[in-house]
Structures are given as structure tokens and as C-alpha cells.
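Take a walk through this fold, from the overall layout to single residues. Keep the viewer open as you read.

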Amino acid sequence: YAPALAIVCGKGSGNIEIVDIDTKFDLTGELWNNYKKQIQHMMPGLLEKLVVQKTVGGGYHFIYRCKEIEGNQKLASRLANEEEKKSGEKQKVLIETRGQGGYFLIYPSPGYVVIHGTLKEVTTLTTVERSTLLNAARYFDEIKKNDKTPLKETQPDELSPFTDYNERIDLVSYLISKGWT
């Protein structure tokens, strides 16, 4: 057996959270580099604040703290390819978080290597910096990009939301009641 070490995310670890990038499910071979480019484009300098760990599966972890974190979230997925569908799979998660209630293996567990920063000094990100990381990951979500749910059409006897609002609200009276002149 090989001993392994893990960190439990959330309050117990001082609000550690990670973004887990599963490159083994990336069919393009470009997810890792493109995700880093997207982060750099959205907020230059943010990548340098993160502890980065390479995983045993060839993926990566961005490790940080933030005063506001959530539970585990799937940020970017893709549809299963034909081979994966044969085993009943519908999608593969490319990027997700491990937050409150989650955990992840860390160096010195076999196959894990810290490639930037140190686990002794995990940076606390602002909520804006954290949101940037998560939003940059959502950019690579192929499931929502392919969701072409048709818009609901208004029936002939049904009012549009704009018409309904305009018929129910007397905007001038409303503004006067709130002190406008």
C-alpha cells in the first residue's frame, strides 16, 4: 500500500479550496494552457498567487484560500465521446472545485508534485479573484454551450412579459409615490 496525504477543504482547513483540472478527459490537449491563458486575460497576475500541483493522473490543482467558498462544483464538462457512451457515460467533467465537504490528495502522496508555490503558504484570494478563476473555467463548459433549448413562444392569447408589465404598472404614479417629481 502507498501512504497518501489529503487536505479536507473548507472551514476545517482555514477555507482551502481548489480548482481541479482533469486534463485526462480533455480531447483537445489544450485545456490546461487555454485555461491559464483565459485567467491571465481576465486578471493578469492571478496565476502567480496560486499554489499549483500536478496530480498523479496528469491533471492540475490550483490551491488557494478564500473567505467565501462553497461546496464542490462542476465548472466545465464535455459530452461523452462514442467510446465513453458505450459504457453508459453521458459526460466528463473537465474542471471542478473541491470546497466545503470535499478533499484532495497532496504532495508528498505518490505521483503528486508541487510545481508552483508552497503548501506552507497558501494565498488567500479575494472573492473577486476566486470568481475570476471559476468564471474562466466556465468558459470551457461544452455542455451549456451546446444547450440549444428553444425559447418559449408566446401563445396568441397570451401577453408578452413587456405588454403584461406595461398594462399592470402605471410607472408615473409609481415614481411619484416614491418621491420623484
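Axes here are lines fitted to C-alpha atoms, for helices over the stretch in contact, and angles between N-to-C directions run from 0 to 180 degrees. With that in hand, start at a helix pair. This is a predicted model. In it, the axes of helix 1 (residues 31–42) and helix 3 (residues 127–138) come within 9 Å. They cross at roughly 130°.

Which residues make the contact? Helix 1 supplies Tyr35, Gln38, Ile39 and Met42. Helix 3 supplies Thr132, Leu133, Asn135, Ala136 and Ala137. By class, the contact of helix 1 with helix 3 has 6 nonpolar residues and 3 polar ones. No charged residue takes part.

Leucine 46 sits between helix 1 and strand 3 (51–54). Is leucine 46 buried or exposed? Its relative accessibility is 1%, so leucine 46 counts as buried. Leaving aside residues up to four places away in sequence, leucine 46 touches Ile39, Leu125, Glu129, Thr132 and Leu133. Of these, Ile39 belongs to the helix 1 side of the helix contact, and Thr132 and Leu133 to the helix 3 side. Leucine 46 and glutamate 129 are 83 residues apart in sequence. In space, their C-alpha atoms are 7.1 Å apart.

Now the wider view. The protein has 6 helices and 9 strands. Of its 181 residues, 35% count as buried. Among contacts between residues at least 6 apart in sequence, 76% join residues at least 24 apart.

The largest nonpolar core holds 24 residues. Within this core, Val19, Ile21, Tyr35, Phe62, Ile95 and Leu133 touch the most other members. The elements that give two or more residues to the core are strand 2 (16–21), helix 1, strand 4 (60–66), strand 5 (74–79), strand 6 (91–98) and helix 3. A second, separate core has 9 residues, including Ile7, Ile16, Ile18 and Val122.

Two backbone details remain. Asparagine 15 lies in the loop between strand 1 (5–8) and strand 2. It is not a glycine, yet asparagine 15 has a positive phi of about 65°. At 15% relative accessibility, asparagine 15 counts as buried, because the cut-off for buried is under 20%.

The other detail is a peptide bond. Where is proline 108 found? Proline 108 is in the loop between strand 7 (103–106) and strand 8 (113–116). A cis peptide bond joins tyrosine 107 to proline 108. Omega there is about 15°.

Methods:
Residues are numbered from 1 along each chain as its sequence is written. This is a predicted model: local features need pLDDT of at least 70, side-chain atom pairs count only at pLDDT 80 or more; totals for chains, interfaces and linings use all residues. Side-chain values use heavy atoms; hydrogens and water are left out. Helices (H or I, at least four residues) and strands (E, at least two) are DSSP runs, numbered from the N terminus. Contact means heavy atoms within 4.5 Å. Ala, Val, Leu, Ile, Met, Phe, Trp, Tyr, Cys and Pro count as nonpolar, Asp, Glu, Lys and Arg as charged, and the others, Gly among them, as polar. A nonpolar core is a set of buried Ala, Val, Leu, Ile, Met, Phe, Trp, Tyr and Cys residues joined through side-chain atoms within 4.5 Å. Buried means under 20% relative accessible area, exposed over 50%, partly exposed in between (1.4 Å probe, protein chains only).
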